[in-house]
Structures are given as structure tokens and as C-alpha cells.
Amino acid sequence: MMARTGSSGHALAHADEVLAELPSPYFVVDLATLRASYAAFQTALPNAAVFYALKANPQEDILNVLAEMGAGFEAASWPEIELCLSLGIDASRVMYGTAVKARSHVELAARAGIDHFAADSAEELQMLAVAAPGARVFIRVHVDDGRSVFQMNSKFGAPVEATAALLRRAASLGLRPWGVSFNVGSQATLATEWAVGIAAIAPVFAELEAEGIRLDVLNLGGGFPVPYRNHPEIPLSKIASHINEALSFLPYQPNLVVEPGRGLAAAAGSLVATVQSRIERRDGSWLFLDCGVYNALYEALLHQGRTEYPVMALGSRALDCTTAKFILAGPTGDGLDVIARDVVMPADLAAGDRLLFENVGAYTRCMASTFNGFPVPPVRIVGV
């Protein structure tokens, strides 16, 4: 068994034989961990239908496992929908969840049997009425996502005060008003974010209820966080407790939908990398790796908020009790290709040593490029 320290190694419970000999870099996806993550959502939110957000990681092995467990799927394009259908996933289990879509994609989706579409504007509803006549629609509502690492609501979301009118507009166009949705951003930092969102859109339910209109669905979106070095764990049970309390203030209880992407896929993924060079510079010890932010760990690139993945040494070096701080960099010629700073690991790390990054199953390989000619690492599947 390979030695590792600094974390539980949860995504590698069955992976020692995979890690032992393979050339790096490579991702490891543990399907057993994925199943456990899905079961955790079923336990914490038993009354919610889980629709996996494909954008987080559309790898076929992941989709097949989630489909077997009964998940639905939230897609943001026709190619994502087409992928689901090609795997035998029924169209009734797929929602077209992005609020602004290409008409050609909508037409293809509607012909394939997709019947649930998001919108956040009168213009989008008008297009849907022509491209997907009679479809179910839900209005995405703008809520405050400023406390999440990645914010999206400057691009999407109808004002709360306009939502009821948009649902009435949908009905007048021959569409079927199905519900409302919101998104608290990606990687929320507070357990109360979904409860705050529910409180913000409660007036929509009250206004329509007064007119004798009941919505079928409240879609709580995604944003469910996973622990990184710079973000402590927020138990899903704590999030669920706040959600349930907030739901009690609605005039009635709609069916619930959640759309976890990172919350399902991240913990199932790990990345093995090798130190190519150790360079001593004025600001510290630099470890240059065989993969970096462009071909593997895009969210580590400094933009809205840098993701700091748990990382540790593998092999005999991991047993060294003397530690030091390191700066981890990728192999490209770009100065922005820096993965992390102030990473504490065995002090004698050198070229040839291997590192393990955890919680990398979401927004990594699917966002990677071959910048500077460095290939995207392959995937090894364990826990089948």
C-alpha cells in the first residue's frame, strides 16, 4: 500500500494498485465515493429530486452510475443533452437548465422529447413558445450570490418582482408554468444560503397563491460546497436543516429539485502529479509539476476566487515528519500557471516525488486545455 498523509484519501480507498506504477499525471475517479455522495443527498434531502449538473464533470462513467441510482440531469446545451440520450437516459430525466439558450439547441432538445426549460426573460419565453411549444418552463430568479466563491447572478436571473408576471406570460404563450429556480453561486461559503434564497422568492409563491395558481416545483439549484484548503467543510445536513426551516414559511410545499454538480462529483476525483523540478527562489521553494492550471486544475487559477485543493505527498516521502512550505507550479511557460502557495509538505521533496490532489472531480478535466502542448491527463476508474 502506498503511504499518504494530510487527508483521509477517501477517493482512493480502492486505488492503491492504480497509483503504484502508472506514469503521471492522471486523474482517478472513485465511483464508490460518487455513490456515497449521491446517497448523502438522498439522506439529507429525502423530498428533493436530484438533478446532476453535467457541466461539473460529464464523464460517461459518472453519468452511468448516477443514472443507475435514479438521478436526473441538468444540461446547459444540446451536446450535453445528446450525451445523456446516447447513454440511454430517458428525456424525461433531463432538464435544459440554463436560462438563455440557442434556439437551434432548443429545437433539437424539444424534438428529442425534452420538456423542462429554464428562462429568465420575456424574450426567452417568446423563443421557447416557438421552438418548444407547450413545454414546461421554470423561471430562474436572481438572488444574492455574493458570499459564494464563484458568482453567476450578474449574468442570469429575473428580478423577484418580475417573476410572477413572467410565469403569467409563459401561460399566455401556451407554455406550462412549472416552477421557479435560483442559484446561490458555485461553492457557497455559508450553510444558510439556500434558506436565504427561499425567503427571497417566497413572495412569488404568495402572490400566485392569492390568484389560485400553485407552482409544482421549487428548484434550489446547486452551489453545494466541498472542503478545500481555503474552505472548511459545511455539512450537508446543516444546509438541509436551514432549507427545511425556510420551507415552512411558504404558503404551501412545492416539490423540490436540487442541482448539485461539484457537490456530487468533486470528492470522487483525485489527481496524481510528479515533481519535475525543485527550484529555490527568493520567495521560497518552488515545485514544478507535470500538470498545472491549464491542463488539469483550472479553478486554481486566480480569478473570482482561487480553489486550493487538498494536496499531500505520496510514497516514502510522505513519512518524513519534517515539513516545509512550498509553492506549486505547472509545467507551462505562463507566469499564471501557479497552483498553490504555502503548501505544507515533507521538507525533502525533490524531482521524481509524487503528489496527490484531492476533491478534483469537478470543473477540472472538463475545463482543461492543451496549452503549450501539455496533454490533458487521462482518467483511471476505481471503485466500480
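How many cavities of 30 Å³ or more does the structure hold? There is one, where a cavity is a set of points on a 1 Å grid over the protein atoms alone at which a 1.4 Å probe fits but cannot get out. This is a predicted model, in which local features need pLDDT of at least 70, side-chain atom pairs count only at pLDDT 80 or more, and totals for chains, interfaces and linings use all residues. Residues are numbered from 1 along each chain as its sequence is written, and side-chain values use heavy atoms, with hydrogens and water left out.

The largest cavity contains about 30 Å³ of space, a volume being the space filled by probe spheres set on the points, which are joined across faces, edges and corners. Its lining (residues with an atom within 4 Å of a point) is made up of R229, E308, Y309, V311, I339, A340 and F357. Five of the lining residues are nonpolar and two are charged, with no polar ones; here Ala, Val, Leu, Ile, Met, Phe, Trp, Tyr, Cys and Pro count as nonpolar, Asp, Glu, Lys and Arg as charged, and the others, Gly among them, as polar.

F357 turns up again in the largest nonpolar core, where F357, L218, L328 and L355 touch the most other members out of 110 residues. Such a core is a set of buried Ala, Val, Leu, Ile, Met, Phe, Trp, Tyr and Cys residues joined through side-chain atoms within 4.5 Å, buried meaning under 20% relative accessible area, exposed over 50% and partly exposed in between (1.4 Å probe, protein chains only). Helix 8 (residues 193-210) gives the most to this core, namely eight residues; helices (H or I, at least four residues) and strands (E, at least two) are DSSP runs numbered from the N terminus. Setting aside neighbours within four places in sequence, the contacts of F357 (heavy atoms within 4.5 Å) include Y309, V311 and I339, as well as L328.

As for the backbone, most residues other than glycine have a negative phi, and most peptide bonds are trans. S24 and P25 are joined by a cis peptide bond, with omega about 0°, and P25 sits in the loop between helix 1 (16-19) and strand 1 (26-30). Y363, not a glycine, has a positive phi of about 55°, and N372, not a glycine either, has one of about 65°. Y363 lies in the loop between strand 17 (354-358) and strand 18 (379-382), and N372 is found in the loop between strand 17 and strand 18. Y363 counts as buried because its relative accessible area is 12%, whereas N372, at 46%, is partly exposed.

Notes. On a 1 Å grid over the protein atoms alone, a cavity is a set of points where a 1.4 Å probe fits but cannot get out, and a pocket is an open set with protein on both sides within 12 Å along at least five of seven lines; lining residues have an atom within 4 Å of a point.
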